[in-house]
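Me: I'm new to this one. Could you walk me through how to read it?

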Amino acid sequence: MTARARVGLAPYLFLLPFLVVFGVFVLAPLGESVVLSTRQMFGPGASVFVGLDNFRFLLHDPLFYKAVRNTLVFTAGSVFIQLPLALGLAMLLNRPGLRGRYVLRLVFFSPQLVGLVFLAVMTSVIFQKRTGVLNQALHALVGVSLDYPWLERQIMPTLILAALWMYVGFNMIYFLAALQNVDRELTEAASIDGAGPGRRFLAVTLPAIAPVGGFVVLLSILGSLQLFELPYILLTGSGPDNKGLTIVTYLYQSGFETGDLGYASAIGWVLAILLAALAVGQRLLAREARA
Amino acid sequence: MAQDREQPIAVARAFALRWPGWLAWLSPGGWVIAAIAVGTTVVVVGGGSARPSGEVRMWTFAPPHARMYEPLLEQWASEPDGRRVDLEVLSLPALERRMLGGFLSGVPVADLIEAERRVASRAFAGPLDAVGFLDLTDRLREDGLLDAINPASFSPWTFRGRIFGLPHDVHPVMLCYRADLVEAAGIDVSTIETWDDFARVMRPLMADGDGDGEPDRYLIAFWTTFPDQLEALILQAGDGFFDEEDHLRIATPTNARVVASLAGWIAGPGRIAADVPEFNAAGNKQKIDGYVVAAIMPDWLSNIWRQQMPELAGKLKLMPLPAWEPGGRRTSVWGGTMLGIPRTAEDPDRLWELAKRLYLSPELSRALYEEGDIVTPVKANWSDPIYDRPDPYFSGQAKGRMYLDLAPQVPRRTSSPFNTMAMQRVQDALVGLVELLRDRPGTDRATLESRAMDLLRVAEADVRSRMDRNVFARGETP
């Protein structure tokens, strides 16, 4: 082997560990899940080829549609409530004159440090009937019944609220970084030209942060569509009458509670296709906007 | 730019050329990485399966069970042909994952697995030869254990007529009530025979003493979010979700009557129930405060209350569950554990002997009650005077004997893997009825039962659609 050939081989050798791990733990399971989605399973030992029957059943499965509906409601909440709030917070905490802004940034980001599981447990404690802080406070302030069942009657708003607590600070960091890169000369020039704060935001700031905004929107949508831990812990499953059932919760229930990994794989692939379509759509929109 | 690209190549070449022969194939850094990769692979592959030969592995999910078994296992190991038993306590989800993962992939699991009902039922699916546990039916028959053990205790481990587990318990259910509150109000519980009696006789305890417009306490801890209690109450009435041949039957008049009654407990003018959960600090606080008068209590739960709410010692009493109709069943069942031998286990005959020693011995039955308040399913051990011992926590009642007196009435259960799904759909039906009652509190009983039947039909149709598309559940074995 010549010295040049040996040197040429080196990058591939360095890549090899990653490729092996990626192949064994990502590509092979992906391939296996395609095979599984064409099989019907019943418990750990029974499996039979059913072709596209899992996908056919999925198209007529009312629970799947309920899961999709709930997931989309949560996603809408994430995009239309969470992101504007994150942007607003970022703009507020980007003001040089604001005292304690570094501490506030840490405060808003801090839920990320404890993780979603802890936050879900805390949310369940806060929203508990009678003993929960929220009902205690509302009872004392406006006389709301201590028994008001948030986790039975207001499941999606509660989930959205808990996600707000978790992710507003996280998304705020992205917006903050983007805002700090907005050309100050442009803003000043707009001010000199007589543009007010609203006009400056729409004409200068928003276009400048649009690429980051698009990325955050995409990240938010993809994360929301994969919602699992929050309802699983908060509602110990999917909640009364499946009001908190999400696509991934349904996937989990089908695969690990009912024991049909084939059907769960089919759900997983439908979700994967949905996610891929959204990602591609976002890229195309972003490209068009840039053009 | 070209010079920039050449520079690293030149450096790498300079390194490589200093090494003689095959060593020069990689740079020193490359060899270090390769050595780490090989070393860690050897450790992972070689170290993972190290297991002393002759050792038996056993998994359980309950630390108190493990404590009870240890002396017996040590004794077994010291016998001439005994073997050391490696007893591992796993959390229930971990045990479930390991067990199902092993059954799915064919990787050996423990030689003995103690599984809780809901976990074990995941293995009871598909054709008989696909069940990961050894069929124990013939062994049980040959050893006369089918008659020696309370018959209902076999039902959760019976799949397609074959038994795959040795039962650990009976888990009869009684009603636990706050004797201090009930007796202070001058209420005589001996006049209670049915649930209607219970609501009527106990009603004075729901007075609004503080004038806030709401009762100071409710009569029973029950809610739409309590699936185990819901199942226990439906089983008590007699129908359950599956018949004795494991055919689905959710929409029955009995089930409709029970679900309608339960909805009336939660909402409407006849409300008597409150959302006071088990295994939860807030729920425990409410129980200690007397926010609920009674709770549904299997034998094992009495132990948890004793551990978690010592403040209630001497304030509680037990009574048989009120029946759904005069002369009806006064108990039900909640929970259950079995000991199974996986098919992959070596020397199943020896393991069967060990399993019998663990579950059938009088010493262990006694320990099970002393440490866990659980009554044994082994009928020969029911004469042990320990069950007649007064229990100070329950105001001096002979709790063990009271549970054992109800053991023969405990209803049989299904092992169907669709049982959890059926229970969830019935829960959905209950939620629907409760919402109806909240919207229209004046709904009369007949309308409520008729609506309950409609909702149970929807529930049954949904579960049936999933069972019907399952070739294995249809009984076909491709």
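**Strands, helices and domains in chain B**

Reply: Happy to, and let's begin with a strand pair. In E10(B), Val292(B) is the bridge partner of Tyr218(B). Keep in mind that this is a predicted model.

Me: Which way do strand E8 and strand E10 of chain B run, and how many bridges join them?

Reply: They run parallel, with two bridges between E8 (residues 218-221) and E10 (residues 292-298) of chain B. E8(B) also has two bridges to strand E9 (residues 273-274) of chain B, again in a parallel arrangement. There, Ile220(B) has Ala273(B) as its bridge partner.

Me: Now the helices. At what angle do H17 and H18 of chain B pack?

Reply: The angle between H17 (residues 419-439) and H18 (residues 445-468) of chain B is about 150 degrees, and their axes are 9 Å apart. Angles over 145 degrees count as roughly antiparallel, so that is how H17(B) lies to H18(B). Their crossing is right-handed.

Me: What kinds of residues make up the contact of H17(B) with H18(B)?

Reply: Twelve are nonpolar, one is polar and five are charged. On the H17(B) side they include Met421(B) and Leu433(B), while Leu455(B) and Val463(B) are among those in H18(B).

Me: And which domains does chain B have?

Reply: The domain assignment gives domain 1 (13-41), domain 2 (56-170 + 335-392) and domain 3 (173-333 + 410-468). The C-alpha centres of domains 2 and 3 of chain B lie 30 Å apart. Their contact takes 18 residues from domain 2 and 16 residues from domain 3 of chain B.

Notes. Residues are numbered from 1 along each chain as its sequence is written. Chains are lettered from A and ligands numbered from 1 in the order in which they are written. This is a predicted model: local features need pLDDT of at least 70, side-chain atom pairs count only at pLDDT 80 or more; totals for chains, interfaces and linings use all residues. Two strands pair if DSSP finds at least two bridges between them. Helices (H or I, at least four residues) and strands (E, at least two) are DSSP runs, numbered from the N terminus. Axes are lines fitted to C-alpha atoms, for helices over the stretch in contact, and angles run from 0 to 180 degrees between N-to-C directions. Angles under 35 degrees count as roughly parallel, over 145 as roughly antiparallel, 65 to 115 as roughly perpendicular and the rest as oblique. A crossing is left-handed if the near helix is turned anticlockwise from the far one by less than a right angle, and right-handed if clockwise. Two residues are in contact if their C-beta atoms, placed from the backbone, lie within 7 Å. Ala, Val, Leu, Ile, Met, Phe, Trp, Tyr, Cys and Pro count as nonpolar, Asp, Glu, Lys and Arg as charged, and the others, Gly among them, as polar. Domain bounds come from an automatic or database domain assignment.
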